[in-house]
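Work through the exercises below with the sequence and the coordinates open. Each task is followed by a stepwise solution.

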Amino acid sequence: MTNDLALQAIDLVKYFPTGASKILGRPTNSVRAVDGVSLTVQKGTTLGIVGESGCGKSTLARLVTRLIDPTSGSVLLDGVDITTLSGSDLRKTRRKLQMIFQDPYSSLNPRHSIGQIISQPLAIQHIVPKGQEMARTQELMERVGLNPEHYNRYPHEFSGGQRQRIGIARALALEPTVIVADEPVSALDVSIQAQILNLLENLQKELGLSYVFIAHDLSVVRHIADQVAVMYLGKVVEIGPAADVYSRPAHPYTMALLSAVPVARPSERGNGHRIRLVGDVPSPIDPPSGCRFRTRCWKATDLCAQQEPVLAPDEAGRVVACHFPNEVPVSLGIRPS
């Protein structure tokens with residue numbers, strides 16, 4: 001891992017066993033939630049991860065932060081494989097890698113005051129001299145836009161946006177280098193979303209943070225991300241600079257996602273039309289052979305069923321897993337890149 005990489009996931013796999021044989025008691029099937037994902041996050045940048053519900057985004061976030069253990073693969077944080085760590089070594093390493101959760105309501109303990117919630121990591125990791133926890137906590141509250149005088153209040157006394165600020169303050173407490181944000185604004189009003197996004201961007205500039213930012217809202221990811229990875233059914237199908245992925249998508253699934261983004265005025269879409277995918281998302285227990293997207297793809301051929309495409313640079317230098325990238329049929333009315 002080079003010095004400019006903050007985080008690297010290498011061939012991460014996570015299978016969840018389902019059911020068991022009545023005779024042998026062994027799992028008969030597995031949900032292939034994450035199936036061979038490799039990603040890199042440059043220092044001081046944001047990697048956005050997008051995809052439909054159930055594609056494995058949140059599972060990937062929990063693998064990266066070691067909230068769950070991978071079936072196989074590794075995660076390198078500053079060159080150290082955290083999947084091999086345990087006990088005190090893992091606890092020390094986790095100071096550098098924190099998480100902001102999706103739901104600002106359920107991610108805070110309602111029986112603890114805000115001061116207790118934010119200061120608890122400080123007490124566990126012993127990084128602040130005894131007696132200075134309150135001052136450090138109030139400093140963190142002020143940094144994320146909360147009133148330090150509300151130190152003794154409880155989560156139910158705050159709005160959704162304020163609660164998410166509390167979660168951000170808790171994540172900042174241990175001075176991490178990487179923060180994984182799992183849909184941190186999806187439960188908030190649009191105006192509050194903008195405030196939280198601006199806060200995250202300002203913190204990144206001030207502290208040199210690296211983000212893994214997961215979201216359903218493609219507009220949100222476009223606003224905050226430097227690099228974008230598109231996931232489908234447990235795999236990454238396209239990775240590239242945000243500007244390239246949004247202006248010139250190479251994978252048909254990425255094209256379909258972007259065509260579904262609402263626009264304020266239909267005329268702004270130009271000659272492009274909505275790509276309506278046929279059929280449902282296949283089961284992650286029994287994914288299709290070859291390319292997992294082929295059952296819904298208008299480009300699919302026999303090759304797509306027989307051979308799984310691998311992530312590789314296309315002619316434009318973007319990394320895409322498709323046998324026929326960039327080929328947009330005229331009948332769809334999508335403007336070619």
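Contact here means heavy atoms within 4.5 Å. The model is predicted.

**Exercise 1. Helix α3**

Task: State which residues of helix α3 (residues 114-125) are buried, and name elements that cover them.

Solution. 
Step 1. Apply the cut-off: buried means under 20% relative accessible area.
Step 2. List the residues that pass. In α3 these are I114, G115, I117, I118, S119, P121, L122 and Q125.
Step 3. Look for the cover. The buried residues of α3 are covered by elements including α2, α4 (133-143) and α5 (160-172).
Step 4. Check the residue that follows.

**Exercise 2. α3 against α5**

Task: Describe how the axes of α3 and α5 cross, and give the residues that make the contact.

Solution. 
Step 1. Recall what is needed. Two packed helices are described by the angle between their axes and the distance between the axes.
Step 2. Read both values. The axes of α3 and α5 come within 7 Å, and they cross at roughly 25 degrees.
Step 3. Classify the angle. Angles under 35 degrees count as roughly parallel, so α3 and α5 are roughly parallel to each other.
Step 4. The crossing of α3 past α5 is right-handed.
Step 5. Name the residues. α3 contributes I114, I117, I118 and P121, and α5 contributes I166, A169 and R170.
Step 6. I114, I117, I118 and P121 are among the buried residues of α3.

**Exercise 3. α5 against α6**

Task: Treat α5 and helix α6 (residues 190-207) in the same way: axes and angle, then hand, then residues.

Solution. 
Step 1. Read the values. The two axes come within 10 Å and cross at roughly 20 degrees.
Step 2. Classify. α5 and α6 are therefore roughly parallel to each other.
Step 3. α5 and α6 cross in a right-handed way.
Step 4. Name the residues. From α5 come G161, Q164, R165, I168 and L172. They meet I192, Q195, I196, L199, L200, L203 and L207 of α6.

**Exercise 4. Salt bridges**

Task: How many salt bridges are there? Work through the pairs made by R62, D69 and K96.

Solution. 
Step 1. Set the rule. A side-chain nitrogen of Lys or Arg must lie within 4 Å of a carboxyl oxygen of Asp or Glu.
Step 2. Count. The rule gives 10 salt bridges.
Step 3. Take R62. Its side chain pairs with that of D182 at 3.0 Å, N to O. R62 lies in helix α1 (residues 57-64) and D182 in strand β7 (residues 178-182), so the bridge ties together parts 120 residues apart in sequence. R62 is partly exposed at 27% relative accessible area, whereas D182 is buried at 2%.
Step 4. Take D69. Its side chain meets that of R66 in a salt bridge of 2.8 Å, N to O. D69 is partly exposed, at 43%. R66 is buried, at 11%.
Step 5. Take K96. The K96 and D78 side chains form a salt bridge at 3.8 Å, N to O. K96 sits in the loop between α2 (87-93) and β6 (97-100), and D78 in the loop between β4 (72-77) and β5 (80-81), so this pair ties together parts 18 residues apart in sequence. K96 is partly exposed at 37%, and D78 is partly exposed at 35%.

**Exercise 5. R296**

Task: Is R296 buried or exposed? Give its surroundings.

Solution. 
Step 1. R296 is in the loop between α9 (252-259) and α10 (302-306).
Step 2. Judge accessibility. At 10%, R296 counts as buried.
Step 3. Find the polar partner. The side chains of R296 and E52 are joined by a polar contact of 3.2 Å.
Step 4. List the contacts. Neighbours within four places in sequence aside, R296 contacts E52, Y232, L277, V278, G279, D280, V281 and P282.

**Exercise 6. F324**

Task: Locate F324 and say which residues it touches.

Solution. 
Step 1. F324 is in the segment after β12 (319-320).
Step 2. Judge accessibility. F324 is partly exposed, with 21% relative accessible area.
Step 3. F324 and H251 are 73 residues apart along the chain, with C-alpha atoms separated by 8.2 Å.
Step 4. List the contacts. Not counting residues up to four places away in sequence, F324 touches K299, T301, L303 and C304.

Terms used: Residues are numbered from 1 along each chain as its sequence is written. This is a predicted model: local features need pLDDT of at least 70, side-chain atom pairs count only at pLDDT 80 or more; totals for chains, interfaces and linings use all residues. Side-chain values use heavy atoms; hydrogens and water are left out. Helices (H or I, at least four residues) and strands (E, at least two) are DSSP runs, numbered from the N terminus. Buried means under 20% relative accessible area, exposed over 50%, partly exposed in between (1.4 Å probe, protein chains only). A polar contact is a pair of N or O atoms within 3.5 Å; within protein, one must be able to donate a hydrogen and the other to accept it, and residues adjacent in sequence count only if both atoms are side-chain atoms. Axes are lines fitted to C-alpha atoms, for helices over the stretch in contact, and angles run from 0 to 180 degrees between N-to-C directions. Angles under 35 degrees count as roughly parallel, over 145 as roughly antiparallel, 65 to 115 as roughly perpendicular and the rest as oblique. A crossing is left-handed if the near helix is turned anticlockwise from the far one by less than a right angle, and right-handed if clockwise.
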